[in-house]
Every structure is written in structure tokens, then in C-alpha cells.
Amino acid sequence: MSKPEAKCWRNDAHAKVTGRAKFTDDLKFVNVLHAAPAYSGLVHARILSIDTGAAEKVPGVVRVLTAKDVPGVNRFGQIIRDMRIFADDKIRYDGDVVAMVIAETREIAIQAALLVRTNAEPLPAVLDPEAAMLPEAPLVHENHGSNIVNTHVVRRGDVAEGFKQADFILEEKFQTQTIEHAYMETEAAICVPRSTDGVIEVYGSMQHPFSTRRFVAACLGVTLAEIEVIGTPMGGGFGGKDDTAAIVCARTALAAKLLGRPVKLVYRREWSMRESYKRHPYRVHYKMGVTNAGRITAVQCRIVADGGAYCSVTPWVTWRSTVQCCGPYVVEHVQCDTFGVYTNNVVAGAMRGFGSPQMNFVIEQMVEVAAQRAGLSGIEFRRRNLVRQGSVTITGQKLDGHTVAMEQVLNAVLKEIDYETKLKRCAHGRGETDELYGIGLAMSYRGVSLGAEGVDFCAAIINAQADGSILLETGIHENGQGSDSAMSLICAAELGVDLNRIRYRRASTSNIPDSGTTVASRGTIMGGGAVTLAARELKAKIAAAFCKQLGCAADEVRFKDDFIWGRADGARIAFGDAMRQMWQLQQFPFTFATFRAPRVSWDEHTGQGDAYFTWVYGCQAVELTVNKKTGKVKLLNAVAAHDVGRAVNPEMVRGQIYGGMAMSAGYALHEEVKATAGKMTTLNLNTYRIPRSTDVPKMKVILVENPDPVSPTGAKSIGEPANELLAPAIANAIFHATGRRHCSLPIRLGALPEPTACAEGCQ
Amino acid sequence: MKLFVNGKEIEVPAAAMEKRIVEFLREDLDLTGAKNACDIGACGACTILVNDEPSRICIKLVKDFAGQRILTIEGMAAPDGTLHPLQQAFVDCGAIQCGYCTPGMVLTAHAFLLKHPRPTRGEIRAAIFKNLCRCTGYQQIIDAVEQAAPHYQNRK
């Protein structure tokens with residue numbers, strides 16, 4: 001454990017820096033079997049039979065499982081139950097698993113899995129999302145009746161009227177690519193049948209122990225109490241360890257239950273890349289009406305998201321895109337039509353940002369194009385349209401319950417990077433050297449947590465011991481972001497005790513109620529809220545027990561510096577002594593508390609409502625050069641300002657932002673999951689290029705803290721806001737460097753054409 | 001055949017000679033700090049030091065290391081558990097998030113600092129470029145390496 005006085009505190013840092021932290025693949029159990037998945041090699045086909053005979057004959061193979069072996073439900077999904085534990089009726093994408101081989105060694109399982117044969121009748125593959133929406137397109141899911149998974153709308157004002165008020169109308173098409181989370185640890189699970197009571201213990205790399213438990217129990221046909229998912233250190237998630245990670249656990253648990261032995265399934269990188277869901281590729285048609293005075297009068301947009309072969313969370317991802325389709329700008333007349341679409345491409349689901357990175361790439365370029373046309377700077381144009389205190393969003397939500405910090409974070413970035421001065425130095429395609437300089441920025445607001453996506457509440461347990469030590473637990477999962485540490489810091493601060501008293505309890509679905517998944521940047525606000533409420537309840541219990549002894553009323557008791565204090569006369573009890581006395585008083589210093597997200601509302605037909613209970617605000621800017629001859633982009637410097645409400649563990653908040661910016665730089669310039677005729681070709685980290693240390697710029701983070709009244713800690717969110725801005729900032733900077741706009745991701749630049757005589761002449 | 005792992009002499013059974021060394025360390029010696037995250041030497045999570053040079057061991061066999069001096073992350077801290085100054089700097093600078101790349105990153109940086117105890121930030125950036133990290137954006141890792149450098153300047 002790091003020292004509390006160090007500038008950064010993490011309860012797991014010591015274990016991780018010494019190699020002692022045991023991730024799933026590092027855990028050892030005796031008599032363990034190993035599993036490997038089998039794929040079909042097909043993209044879209046009707047399954048006739050699955051031949052496992054050759055695999056079963058391999059010495060060392062214990063069993064080969066297919067859909068026929070699933071005693072419970074083979075189909076699952078958080079919204080539509082269309083995903084399969086094992087493919088049963090059809091192959092719908094390259095990553096569909098038809099069988100799983102269980103063997104005495106991993107090597108045998110891997111080799112035998114290659115022998116599983118899928119006999120199937122090939123069907124035409126639907127690989128283009130627009131084509132998939134046409135009535136004549138082959139259906140990916142026949143019983144769904146259409147390839148359109150879901151639609152969302154926003155209907156505000158009257159766009160025809162809004163365009164009439166405009167002096168000019170801009171129209172542009174944008175396209176974004178499929179990207180991979182590329183968590184360093186692949187999906188992994190070890191499932192152990194407990195001999196005493198038959199409960200299956202699940203150790204695995206997932207960010208949603210409770211939904212994993214739901215899927216595992218359904219697959220096995222057992223109750224939730226018969227499955228215990230045990231929190232295990234996790235090598236990154238970024239939204240990616242939800243559905244796929246759950247299936248991996250379910251298949252492994254099935255094998256463990258059927259064979260009565262521990263079973264381990266650790267994904268090879270190739271399996272992970274092939275099978276796991278990705279960030280949705282978007283096609284966006286965007287039309288914006290603007291006055292010469294620089295006011296946006298109307299926005300009409302059509303969003304098509306390729307959800308791939310299964311629904312996953314496509315309706316939720318596209319909902320956020322819809323709600324945030326105009327960015328942090330006030331627009332009176334809006335018509336947005338959003339479609340999530342089935343294709344035979346790789347499944348798309350949750351990824352850090354969740355529908356906002358795509359839209360910000362569109363919006364933050366559109367506002368700059370509009371500014372230029374109106375003869376204004378991009379900054380002045382933004383100022384004339386951005387949300388302020390009391391503004392009403394495009395879904396009719398009045399922003400008055402918290403500090404609307406849009407302009408505050410914008411100003412912070414402009415000042416720190418000296419934007420206005422540097423903007424004048426931009427090359428716009430002309431430079432004396434080969435390196436063309438540019439600066440650009442982007443800003444956004446973002447609804448916090450799940451919003452109208454779903455049920456949003458979280459539990460915390462504080463169990464103080466008779467010696468004054470404290471066990472803390474919440475329903476939030478440690479994904480690597482440092483949530484266990486943030487929860488401990490919040491607890492210590494609220495109780496006024498030494499941080500060293502607290503041990504964060506290893507999470508288990510059998511200890512604490514289902515608090516939802518650790519996604520949507522909801523960990524700190526929801527888990528921290530629950531911890532604060534539990535700590536306040538504990539203080540009330542302690543105050544009631546000791547107020548007489550302290551010579552004051554219960555509500556006058558204070559908690560500070562590891563003591564419990566009475567009125568000003570200095571009467572006090574050491575926290576540890578108080579806990580011992582409570583034991584003698586036969587009172588448990590134990591509390592359980594629930595934090596419920598404030599109510600939100602949504603009308604699916606009009607796309608109007610109070611979509612999120614609070615919002616965060618962020619702005620990021622970047623300086624870069626583009627080489628005229630090679631098109632190579634070099635990122636030089638980046639600055640971010642985010643209103644996080646309150647920074648609980650400031651250095652970890654900065655770490656979230658640095659990491660989010662780097663990931664967004666990869667989105668802008670390097671990353672793309674590629675496929676040929678539906679078969680993925682980027683299957684490992686040599687061909688799928690995530691940013692290296694030499695690709696990312698020097699970064700500076702400004703933390704803006706406007707504590708949020710609806711959050712018991714004052715803290716809000718940072719994981720995703722950090723990851724949705726650098727790509728559009730880079731696109732804008734490239735424009736300022738080269739004079740050229742790029743409407744599709746990733747941005748690929750070759751040698752730049754020499755400025756033409758006309759362009760020179762027109763200057 | 002012998003290996004020298006974290007200062008200890010290890011006699012390798014003949015049956016293990018053809019094993020991949022990452023598996024030998026992880027399974028036979030229970031040194032699980034080295035992670036196997038790509039299997040093809042592309043990510044650096046399995047990095048260990050061999051005679052003070054970084055080596056990606058997911059693609060190498062045990063027999064390739066006969067008689068070599070190996071340092072894994074488990075051998076970095078003092079026997080009493082006190083962290084090496086470079087490890088302490090990683091902890092203090094917030095250079096650790098999920099921790100999966102951390103062992104390889106620490107060892108790569110250690111090898112670099114042994115040779116270049118007065119690096120610029122640019123040199124540190126270049127030194128760790130083969131080790132992938134998806135969480136941190138590398139900034140606090142570079143901070144940590146920079147913060148630990150003075151310790152290497154006073155070593156000899």
C-alpha cells in the first residue's frame with residue numbers, strides 16, 4: 001500500500017508494482033482443466049450440424065461442449081436476448097463460438113478446438129449498415145423481423161422553421177471506424193465447483209460481476225445464490241468486459257459444473273480481438289442552419305450505428321448519441337433520427353465514451369466550419385451557442401441543478417495553452433519547412449451515469465471492528481481505475497479516521513446486493529455516494545452511543561483526526577476505544593446504505609425529457625505538426641480541463657484523463673479493426689496499433705471542481721469524458737495545419753498536394 | 001542446465017527445456033509478474049531482464065537462457081520487502097492503474113536507467129516505446145522514471 005501522504009494513494013499499488021497482484025491467469029487451483037473456444041470460419045450461415053468427433057478423439061481432451069449441453073438458457077442479452085452461449089441456429093459473425101473443448105492442458109485444448117467442424121449452409125452476408133436497413137436485405141435475426149435493432153429520435157421545435165431562420169445551411173457526411181478496447185489483459189475465467197455446497201465460484205476478468213452472475217446462473221439453470229462471482233484484479237476494461245466477458249465466464253462455469261473440476265479459460269489475444277464487441281462505427285449525415293451572427297438555428301441529423309451481429313447495448317449507446325447529438329450547444333429546432341442496425345460484422349457494444357466519441361468528432365468539426373463561414377473564430381462561435389447556467393438542452397432539460405461549467409473549462413484550456421496566440425501561427429497548408437503547425441480544440445458536455453438507460457442504484461457496507469479497524473465494501477468493481485482506493489478515501493474522510501484503518505473487502509456477489517455494472521463513469525458518483533451515506537449513518541450510531549459521555553447532544557458530536565469529539569471543551573474519545581466500547585454496549589458499528597440516482601425522465605416518441613440527473617463539462621486542446629511530404633502527424637502538446645465535481649484522488653483523476661486522451665489520439669490517427677468479407681484481419685497488437693509512448697504528446701490536466709449538489713461526495717465522473725474529445729481536437733488542429741477537413745476516422749494523411757496557384761491567388 | 005533467477009540458482013529439469021520461458025517462470029516457479037498478453041512479442045507485458053537487458057519472453061524457450069542471469073519483477077524489491085526506488089516512484093507518481101503492463105514497464109525502465117542515469121523526458125519516452133499501456137497515456141510512467149533517475153546517478 002502506498003503511503004497516504006504520497007501524492008497518489010492506491011491500496012493495490014504495492015501488489016501491482018511487485019508482481020504479487022494475482023490476476024485471473026495467475027491464480028492456481030489443483031486438478032484444473034483448460035478450455036479453448038472453437039470458431040466456424042464462417043460469417044453468415046445456417047448451422048446444419050457441428051462435428052466434434054475428431055476433437056473428442058484427441059488424447060487429453062475431456063469433453064467438447066456445444067449448445068446442446070447447455071442445461072439452462074443458451075440465449076442472453078441485457079436488452080434483447082439474442083446472444084448465444086454457443087451458436088445454435090446460425091453463424092452471424094466471424095467471432096461466433098460453436099463449441100468449447102475442455103482438456104487436461106491448454107495446448108491440447110487449443111489444438112483440438114481447431115478440429116471442430118461446422119457443417120452449415122452459407123447465407124449472403126450483410127456487411128453494410130445502410131444496405132442492411134433496406135427491405136430486401138437478408139435478415140441477421142429472422143425473428144426480429146428487420147435488421148433495425150432500435151431507433152431513437154429527438155423532436156424539438158420545427159426544423160423547417162429553424163432552417164428558414166438561418167442565413168446559411170451546412171451539410172456534411174461523416175464516418176467513424178470500428179475500434180477495439182485493447183485492454184492489456186484478455187478475457188479470462190476460472191470456475192471452481194465448491195465441494196461443500198455445490199456453489200460455482202467464478203474468478204474472472206469482468207467489470208460487471210452481477211450481470212455475469214445473472215448470465216452464468218441462467219446458462220446453468222441454477223439460482224443466483226448458487227453462483228458466487230469473486231472480484232479479481234483486472235487488467236483493464238474500458239467498457240469492453242461486459243457481455244463477452246460474461247459469456248466466457250458462463251461457458252467456463254458450465255464446464256466446471258458438468259465435469260466437477262475447476263476449469264480455466266484464458267483468451268488468446270486472437271480470440272479476444274475476433275470475438276469481443278467493439279466501439280460502433282457510425283455514419284452521420286449532419287445538417288446545420290446558422291445565422292450570419294453566428295447562432296445555430298437548427299440541426300437535422302441522421303445517425304446509423306453498425307451494431308454488428310447482436311444487440312448487446314446498441315440501443316443504450318445510440319441513445320446517448322441521440323441525447324447529445326448537438327453537443328453542448330443550445331439549439332431551438334432539432335430533428336434527430338438514429339438507427340442501430342444488425343449486420344454480420346463484429347458485434348459492437350459498450351466502449352468508453354459510449355456513443356459520444358463518434359458524435360463529438362462530427363459536432364466539434366461542424367461548429368468550426370460554421371464559424372469560418374460566419375466569419376467568426378471557432379471560440380467566439382462556441383461562446384455564442386454554448387450551454388450556460390439555466391440553459392435548456394435539446395431534450396428540454398433545464399440545466400440548473402448544478403454548476404454549468406462549459407465556459408469555465410473552455411476558458412481554462414484557452415489560457416493554459418495560449419490558444420489565441422498560437423492559432424495565428426497555424427500553417428493552413430503553407431509553411432517554409434516540411435512540418436506544418438496546427439492547434440485545435442474540442443469541448444463537450446456529458447450526462448453522468450446511466451440516465452434514462454436503466455435502474456441506477458448502489459450499495460455500500462461499512463463494518464467497523466472492535467479494534468477500530470474498518471471493513472469497507474461497495475457494489476462497484478475495481479477495473480484498474482482505482483475505485484477501491486477512491487471508496488476508501490471517501491470513507492476515511494467522511495468518518496474522520498486514519499486511512500490505514502480501512503481495508504477494502506474483496507468484492508463478492510454473495511456479500512453485497514446487485515449494484516449494477518461498473519460502467520458509464522458511475523463508479524465514483526454512485527459508489528462514493530453509497531459510502532458517504534453509510535458513513536453518515538455509522539456516525540449517527542456512534543454519536544447516539546457516546547453523546548452523553550461527551551457531554552453534548554448527538555447532533556453536536558464531531559468526527560475528526562481519528563477522534564470522536566464533544567463540544568468545544570475538548571471532550572473526546574479515540575476512534576479505536578469507541579469501537580471497543582460499542583462491542584461492550586452490544587452495538588454493531590455496522591451500516592448498510594443505498595444511494596439511488598435522482599429521477600430522470602424520457603419520452604421515446606419525442607425524444608424529450610430530463611435525460612441525466614447531472615452533467616459534466618470538458619475541453620481539450622492539442623498542438624501538432626503534419627509533415628507535408630509524408631503526412632505524418634506528430635502530437636506536440638495537449639491540455640485538458642474537466643469539471644469533475646470534486647477530485648477524490650487527484651493524481652488518479654489526472655491518470656484517467658491522460659489515459660483517455662491517449663486512447664482518443666489512437667482513435668483519431670491509428671486504430672482500426674479491419675475485416676475482409678466479414679473476417680477480421682487485425683487480430684493482435686502488431687496489426688492493431690494502439691498508441692505507444694512515442695505517439696502521445698506531453699499533457700497537462702486542469703481539474704475544475706464545482707461540487708455537485710446531487711452527489712453526496714460532490715464528485716461526478718471522469719472515465720469517459722476524458723476519452724471523447726482529443727480526436728475532434730486533432731481533426732481541428734489538422735485542419736489548421738493543412739487547410740483540409742477530414743470527415744472520416746481514422747484520419748489518414750498522405751503527401752499533401754502543393755497549394756495551387758489559385759489558392760495562393762485567392763489568399 | 002541452470003538459470004539464475006532473481007539471484008537464485010535454478011536447476012531446470014530436462015523436460016522443461018523446450019517450454020516457453022514465460023510459462024516456465026509463471027507455472028513452474030510461480031513468478032506470475034511477467035504477463036503473457038499477446039503471445040507474439042508485440043506488447044512488452046512479459047518483459048524480464050536478462051543480464052540487465054530487456055527481453056520479451058513470450059516467444060522464447062527455456063533453453064535459450066542457459067546460464068543467464070534473469071531478473072523478474074519479483075526480484076526488484078529488497079529481501080525485506082522495501083520497494084526499489086523505481087518501484088516506489090511508480091507508486092507515488094500514480095503510474096499504476098490496472099497494473100498489467102507494470103512489471104514489464106518497471107523492468108524496461110530499470111534497464112534503461114542503469115545505462116542512462118541522466119535521461120531527458122524525451123529519452124525516457126523513447127526508452128519505453130515497446131511496452132504498451134492502455135490505461136495511463138504513459139505520462140505518469142515517464143514522471144516516475146524521471147523521479148527515480150537520481151537514485152541511479154549515485155549508485156557507483
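## Helix crossing in chain B

In this predicted model, helix H2(B) passes helix H5(B) in a right-handed crossing, a crossing being right-handed if the near helix is turned clockwise from the far one by less than a right angle, and left-handed if anticlockwise.

H2 spans residues 85-92 of chain B and H5 residues 139-153, and their axes come within 8 Å and cross at roughly 150°. The two helices are therefore roughly antiparallel to each other (over 145 degrees). On the H2(B) side, Pro85(B), Leu86(B), Ala89(B) and Phe90(B) meet Ala144(B), Gln147(B), Ala148(B) and His151(B) of H5(B); contact requires C-beta atoms, placed from the backbone, within 7 Å.

## Chain B as a whole

Chain B contains five helices and five strands, which are DSSP runs of at least four residues (H or I) and at least two (E), respectively. Their order from the N terminus is β-β-α-β-β-β-α-α-α-α.

The C-alpha trace spans about 45 × 35 × 25 Å along its principal axes. Of the 156 residues, 56% are buried (20 or more other C-beta atoms within 10 Å of their own).

## Basis of the model

Residues are numbered from 1 along each chain as its sequence is written, and chains are lettered from A and ligands numbered from 1 in the order in which they are written. The model is predicted: local features need pLDDT of at least 70 and side-chain atom pairs count only at pLDDT 80 or more, whereas totals for chains, interfaces and linings use all residues.

How values were computed:
Axes are lines fitted to C-alpha atoms, for helices over the stretch in contact, and angles run from 0 to 180 degrees between N-to-C directions. Angles under 35 degrees count as roughly parallel, over 145 as roughly antiparallel, 65 to 115 as roughly perpendicular and the rest as oblique. Two residues are in contact if their C-beta atoms, placed from the backbone, lie within 7 Å. A residue is buried if 20 or more other C-beta atoms lie within 10 Å of its own, exposed if 12 or fewer, and partly exposed in between; C-beta atoms are placed from the backbone.
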